[in-house]
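Reader: I'm new to this one, could you walk me through a few places in it?
Author: Gladly, let us take them one at a time.

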Amino acid sequence: MPSADAADATPAAAPPPRAAISHVIFDMDGLLLDTEGFYTAVQEKILARYGKVFDWSVKAKMMGKTTAESTRILFEECGLTGLLTPEQFLEEREIMLKELLPTCVPMPGVVRLIHHLHSNGIPLAIATGTHEHHFALKAQNHQEIFSLMHHIVTGDDPVVKAGKPSPDIFLAAMSRFESDVKPGNCLVFEDAPLGVAAAKTAGMYVFVPGYAYSPFDGILTFYYFFRHVVMVPDARLDVSHHKEADQVLSSLLDFNPRDWGLPPF
């Protein structure tokens, strides 16, 4: 008969997974590649000439936005109107970014996670607000990551009519998988609050009973949401921006595939 001590030593059963995930969509900047610091450094350098400060309260509002929208926010928040034009700002920023972006490196845990998921047959995609020309600069030295993607959707893709928090880019990424993917089986990884919001509000015509108004076709239809979003935010982002995510991690090194019904490491 086993002793009480032996019984106490029996490991507790693992908790059930949060979901049965079959497909994964990743954001890119600040999640897969360490690029956000480049944008911050360049913008700080330009603003310093005008006696302006670029801080995280402004950056949080810009993260995930289109270039045009983030530039508008920067000018409004930092009072740049009349000091230089948006076109001048973007031209100067572009010169510096072209030198910096090819030097970016993967974020911790990225290569391990992507190779693990790919080797276990999980289809992967990227939904990034960055435009194609910047994507090429960032990705050129990281084909060990990007060659494993089923597809990549950039912010200037013709079907992406609006940037995050509009769900356009996640709808596009989901629709390009070969199989008929159920949103409830799709896991989104994001680092930015607007990206989390975009994933959460991506409407898909699927299986749960109940009608709702869909802004994507203007009629009453079956409406669904991405229910599963993992956020890996910068440590400097205020925690108030974490609340919409289903799981918040400090690094992809902390991600446990078992939590989501994925093959374990």
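Reader: Is Ser251 buried or exposed?
Author: Ser251 is buried, because its relative accessible area is 15%, where buried means under 20%, exposed over 50% and partly exposed in between, using a 1.4 Å probe and protein chains only. Please keep in mind that this is a predicted model, in which local features need pLDDT of at least 70 and side-chain atom pairs count only at pLDDT 80 or more, while totals for chains, interfaces and linings use all residues. Residues are numbered from 1 along each chain as its sequence is written, and side-chain values use heavy atoms, with hydrogens and water left out.

Reader: And which residues does Ser251 touch?
Author: Leaving aside residues up to four places away in sequence, Ser251 touches Pro108 and Val232, contact being heavy atoms within 4.5 Å.

Reader: What does the side chain of Ser251 reach at 3.0 Å?
Author: At that distance the side chain of Ser251 reaches the backbone nitrogen of Leu253.

Reader: Switching topic, where does Thr85 lie?
Author: Thr85 sits in the loop between helix 4 (67-78) and helix 5 (86-100), helices being DSSP runs of H or I with at least four residues, numbered from the N terminus. Thr85 is partly exposed, with a relative accessible area of 34%.

Reader: How far apart are the C-alpha atoms of Thr85 and Phe75?
Author: They are separated by 9.0 Å, with the two residues ten apart along the chain.

Definitions and conventions. A polar contact is a pair of N or O atoms within 3.5 Å; within protein, one must be able to donate a hydrogen and the other to accept it, and residues adjacent in sequence count only if both atoms are side-chain atoms. Helices (H or I, at least four residues) and strands (E, at least two) are DSSP runs, numbered from the N terminus.
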